[in-house]
Amino acid sequence: MNTLESVAQSLAGLSITPSASVTHAETNSPASWRETLLATSSAPKSFELIKTLVYKPKTAKTAIPVPVVVIAQDLLAEFFALDKNSLSLLSLTSETFPKVVTVIDASITSSSSTFALHALSSSATVFLSGQDILSYLRKLETEDLKVQEIDFTSLKSDVAAAPSKPAAKEKEVAKIDGAVQIAIGVKKEVDFSAWYQSVLIKAEMLEYYSVSGCYILRPWSYSIWEEIQDWFNKKIKAMGVQNVYFPMLVSQKVLEREKDHIEGFSPEVAWVTRAGSSDLEEPVAIRPTSETVMYPYYAKWIKSHRDLPLKLNQWNNVVRWEFKHPQPFLRTREFLWQEGHTAHLTKAEADKEVREILDLYRRVYEELLAVPVIPGIKSEKEKFAGALYTTTIEGFVPSSGRGIQAATSHCLGQNFSRPEMFNIMVEDPNDPSGQGKTFAWQNSWGLSTRTIGVMTMVHGDNQGLVLPPRVASIQAVVVPCGVTAKTSDEDRAKINNACDDLAKSLIDGGVRARADLREGYTPGYKFNDWEQKACSLPSAAGVPLRLEIGPNDLAKQQTLSVRRDTGAKTPVALADLATTIPKMLETIQSDMFQRALAEYNAHVKEVTRWEDFVPTLDSKCIAVIPWCEREACEDDIKERSGRAAEPQDERAPSAGAKSLAIPFEQKRWSPIKLGETKCVGCGQDAKRWTMFGRSY
């Protein structure tokens, strides 16, 4: 039986008789369909085409989509087993109708026209009246599911008649008037995204690369990463951690051994499938993280409880490929990090190390980068895939009002050491029989070059980059001043020599310093250059301290110090430099942290009512709420807050709020009374104060 006969039989069962039925050549567009029907002698002389539109609404990844079928004048394979050229309302049956939402143009049912419908094929057409179409759909309705009739003509009229929107408030201009090429040129408080990218480029922190989402780290940013590496390496080696290196490629078989782990990373994994002109027999992945790379060898190396703890760390790169809007340093497809992987005999040992590492991460941000963070634990939904639990330090970017996961330390429990995984097993020394076995307790922890982006966002200003002294590869620059065309060669040489001597004495005293003795540049140009943009010397934007020496300074045996963070100017006696400059750098470091801390604290708001939740987010703050800690509530908070939020920049991440961390320090907020304090999201009993916010 062909499709036309099948359709005719189905319609007859509903007491519907088409005014005509025709077979014809296949058509692939409304225009070709109309032309074909007009050329067919058995088709009515006058007819209208019926449009059947299928929309797939946005849903959660785990939810089953419910298509919206719109039937008007003028997911297919998944739901109807038809292509777009064969689809019509006749595709709706008692089986498919409950799976979709059906909407019909009300003008069809009142029209006297004859309508052409595909008879489940691009080469067959039946002709029905508007009442026949409505009758067909009504026969499919159930008590719970009805056809929706909408008057689209009326809707169009309503839109046309709607009053025009009031003129939008004039947007503040982001461009800085009078900014020359050397300057940033964009206001941080007006166009934060453009400001951020401008700072990174002007300061020669990075260069864009030919592969989207990948960036070249130039010396001025990589030197910051080296300072972090040097500090962190010393700390973890004191804990007994050793550095190693494992290959970046991992076989598909090994990567997929841990189902929960690979599902957590599957959208991000980049695969190598070809070598030269040949397809690989088995694709290999570029590591998104190294648990599955390293742990088969942990099982090989750990044969006795005497081999524990095993503490290894590697400084490497990883690739994660899932996102649409890369942001330099914050979300990049390839990034640098360290990843520590340790194995322990007991949970107590693993728990202790997780918190020790997290505190080292806190110190990297607060003591090196002058960036405040809040330590805590992730919710079950937000924890690392395959982990028993995840601890985190959460940063905050006031200019965007977004939180940022700064670093994480995970207790993996025995999830990776069990037999069906990597079977990292030893004899249990606490078993009196001597026959007992136990599986290793494992941790993993990581800190990435995201640190550099967070530091830049938090401290930078409208003049550009501002570096904390402890990570600046040049902490002080000495600039000659008062040199003009009339200055004699002898006086010029005296000033330059004084600058050079000053820089050398600072270096001898442990200060990373440099004298800028370039010819052909004015002092003002050099000032801007060292503040904002790299110069012909190795790049040095954002240098914490500038020291000026001119003829008058030489006469007074002093230098004029200028702080990059505040612009404050202070004369310093040359005889006191050895003690004064190091103290001044420490003061700058401390002041930068205290300012950032005060800013962070001012944006962390205690919220106890849902009505205050979204307004808190819209005011660029983090909402700390009493929370029940249920995943369903967390999903609902994200969905509702995203729906109710003010419009966001399309380049920005989701406007919905997610849980950032459950802070370890709960005494900062009002006591939660068990059975009395209710969750802001759902009204059930609250357990702990939890930070919710928009995030990167």
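This is a predicted model: local features need pLDDT of at least 70, side-chain atom pairs count only at pLDDT 80 or more; totals for chains, interfaces and linings use all residues.
Strand β12 (residues 270-275) is joined to β13 by five bridges, and the two run antiparallel. Ala275 stands opposite Ser278 in β13, and Trp271 stands opposite Ala285 in β13. Strand β13, which spans residues 278-286, is also paired with β11 (residues 249-251). Here three bridges join the strands, again in an antiparallel arrangement, and Ser251 has Val284 of β13 as its bridge partner.

Together these three strands form an open sheet with the order β11-β13-β12 and antiparallel pairing. Strands β11 and β12 each have a single partner strand and stand at the edges, so one side of each is left without a neighbour in the sheet. From one strand to the next, the twist averages 45 degrees.

Helix α12 comprises 22 residues, 347-368. At 1.5 Å a residue the helix should span 32 Å, and the end C-alpha atoms are 31 Å apart, which agrees with that expectation. The buried residues of α12 are Ala350, Glu353, Val354, Ile357, Leu358, Leu360, Tyr361, Val364, Tyr365, Glu366 and Leu368. Just after the helix, Ala370 takes a positive phi of about 60 degrees.

The largest nonpolar core has 55 residues. The residues with the most contacts inside this core are Ile224, Phe232, Tyr365 and Leu369. Two or more residues are given to the core by each of the helices α7 (192-202), α8 (219-238), α12 and α13 (450-459), and likewise by the strands β17, β18 (402-413), β21 (441-448) and β22 (476-480). With residues up to four places away in sequence not counted, Leu369 touches Ile224, Ile228, Val364, Thr451, Met455, His459, Pro468, Val471 and Gln589. A second, separate core has 26 residues, among them Phe246, Val254, Ala387 and Leu412.

Thr390 is located in strand β17, which spans residues 389-397. Its relative accessibility is 1%, and because residues under 20% are classed as buried, Thr390 counts as buried. A polar atom of the Thr390 side chain lies 2.9 Å from the backbone nitrogen of Phe384. Leaving aside residues up to four places away in sequence, Thr390 touches Gly376, Ile377, Lys378, Lys383, Phe384, Thr408, Ser409 and His410.

Conventions: Residues are numbered from 1 along each chain as its sequence is written. Side-chain values use heavy atoms; hydrogens and water are left out. Helices (H or I, at least four residues) and strands (E, at least two) are DSSP runs, numbered from the N terminus. The expected span of a helix is 1.5 Å times one less than its number of residues. Buried means under 20% relative accessible area, exposed over 50%, partly exposed in between (1.4 Å probe, protein chains only). Two strands pair if DSSP finds at least two bridges between them. Axes are lines fitted to C-alpha atoms, for helices over the stretch in contact, and angles run from 0 to 180 degrees between N-to-C directions. A polar contact is a pair of N or O atoms within 3.5 Å; within protein, one must be able to donate a hydrogen and the other to accept it, and residues adjacent in sequence count only if both atoms are side-chain atoms. Contact means heavy atoms within 4.5 Å. A nonpolar core is a set of buried Ala, Val, Leu, Ile, Met, Phe, Trp, Tyr and Cys residues joined through side-chain atoms within 4.5 Å.
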